[in-house]
Amino acid sequence: MRLIRGLTNLKSLSQQDEAPLANGCVATIGNFDGVHLGHQTIIDQVHEKALELGVPSVVMVFEPQPREFFQGRDAPPRLMPFRQKFELLLASGIDVVLCLRFNERFRSYSGMGFIEDVLIDGLGVRHLVVGDDFRFGCDRAGDFSLLREVGVQRGFTVENTRTVTVHGERVSSTRIRGVLSENRINDAEDLLGHPYRIRGRIVYGRQLGRQIGAPTANILLPHMPALKGVYVVSATLEDGRVLDGVANIGLRPTVDGKQPSLEVHLFDFAGTLYGQRLDVVFRHALRDEVKFDSVDDLKEQIARDFDDARAWIAGHGSSATER
């Protein structure tokens, strides 16, 4: 699998003798936030057609996501960071992920400009899988009908995405965000097709947790997360060990946190993990994130959180394994 960042890199690759998309591709376009059951079905559609035509499969995504560009801090929270999304697409067997920078220049594309410059000249698309409600271009003139019309003229076909429902409702990233906002973690897993998790690299924090007897592995989050609060988690270390723990995700209001972060305390662990990547699965919600009057009050609550987490794990089973 290959990651191509930016239209300039895509066009540079297309001029090489052994260009990855020399014979065109089958592509789909979207945010793919969460890579949920609906996304997985779209990927299956792309795979099927790519095998039939004997060309690579491509997923086109955007950074930042369009609503983040237009709405800033008011944009919906992300289900996962970009790297985690890329890793899931990699595991799905997609051949190429094309990540285009969504900026003022890109938003100025007309509908026809996008088709000509990106889909035809850039990708050499031979088949496109998109929803029939897909809209694009600064003039909002780009839609499913235009794609089909141009496709007939320029030699590519367009297929509507298949709808996936769970419990009678369409699976979507918006629905999953809503479920997570209510801490219905098991329901989110049903819609995702996999446990809800966040992966990231551990960085140095303020060492407050260590000072109050509750050291944490800290992961800074580039976007506001879909979950906020304190949770029972299981975490996979780079060496393969899986440990139970408690995680706080959010803005850490008691210590005036400014950037969202994930802080994980691992039970029965001693050592340092700085620089390693941690895979954190959310299992159960303990409480909301709140601002305490003092660090001592926070320390007392953390002790209660640990007791509550251990009690929940005792009743539902530990995820901890040793290599």
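Reader: How many disulfides does the structure hold?

Author: This is a predicted model, in which local features need pLDDT of at least 70, side-chain atom pairs count only at pLDDT 80 or more, and totals for chains, interfaces and linings use all residues. Residues are numbered from 1 along each chain as its sequence is written, and side-chain values use heavy atoms, with hydrogens and water left out. A disulfide is a pair of cysteine sulfur atoms within 2.5 Å. By that definition, the number of disulfides here is 0.

Reader: Which cysteine has the sulfur closest to that of C25?

Author: A disulfide is a covalent bond between the sulfur atoms of two cysteines. The closest cysteine sulfur to that of C25 is 16 Å away, too far for a bond. It belongs to C99.

Reader: Is C99 buried or exposed?

Author: Buried means under 20% relative accessible area and exposed means over 50%, with partly exposed in between (1.4 Å probe, protein chains only). C25 has a relative accessible area of 0% and is buried. C99 has a relative accessibility of 3%, so C99 counts as buried.

Reader: In what order do the strands of the open sheet stand, and which of them are at the edges?

Author: Helices (H or I, at least four residues) and strands (E, at least two) are DSSP runs, numbered from the N terminus. Two strands pair if DSSP finds at least two bridges between them. The 6 strands form an open sheet with antiparallel pairing, in the order β9-β14-β11-β12-β13-β10. Each edge strand has a single partner, so one side of it is left without a neighbour in the sheet; these strands are β9 (197–201) and β10 (217–220).

Reader: How many bridges pair β11 with β12?

Author: Strands of a sheet pair through backbone hydrogen bonds, either parallel or antiparallel. Strand β11 covers residues 229–236 and strand β12 residues 242–250, and their pairing is antiparallel. The number of bridges between β11 and β12 is 8.

Reader: What is the bridge partner of L220 in β13?

Author: β10 and β13 run antiparallel and are joined by 4 bridges. β12 and β13 are also antiparallel, with 6 bridges, and there G250 stands opposite S261. The partner of L220 in β13 is S261.

Reader: How many residues of β13 are buried?

Author: In a regular strand the side chains alternate between the two faces of the sheet. In β13, S261, E263 and H265 point one way, while L262, V264 and L266 point the other way, and all are buried. For strand β13 (residues 261–266), the count of buried residues is 6 of 6.

Reader: Which strands does helix α4 lie across, and at what angle does α4 run to β9?

Author: Axes are lines fitted to C-alpha atoms, for helices over the stretch in contact, and angles run from 0 to 180 degrees between N-to-C directions. Helix α4 (residues 82–92) lies across β9 and β14 (277–287). The angle of α4 to β9 is about 115°.

Reader: Where on α7 do the buried residues lie, and what covers them?

Author: In helix α7 (residues 144–154), the buried residues are F144, L146, L147, V150 and G151. They cover an arc of only 155° around the axis (taken from the directions from the helix axis to the C-beta atoms), which puts them on the same side of α7. On the other side, S145, V152 and Q153 are exposed. The cover over the buried residues includes α6 (111–123), β5 (125–130) and β6 (157–160).

Reader: Which residue caps the N-terminal end of α7?

Author: The cap brings a side-chain oxygen to 3.3 Å from the backbone nitrogen of S145. The capping residue is D143.

Reader: Which side chain makes a polar contact with that of R287?

Author: R287 also lies in strand β14. Contact means heavy atoms within 4.5 Å, and, leaving aside neighbours within four places in sequence, R287 is in contact with G229, V230, F292, Q301 and D305. The polar contact of its side chain, at 2.8 Å, is with D305.

Note on methods
A polar contact is a pair of N or O atoms within 3.5 Å; within protein, one must be able to donate a hydrogen and the other to accept it, and residues adjacent in sequence count only if both atoms are side-chain atoms.
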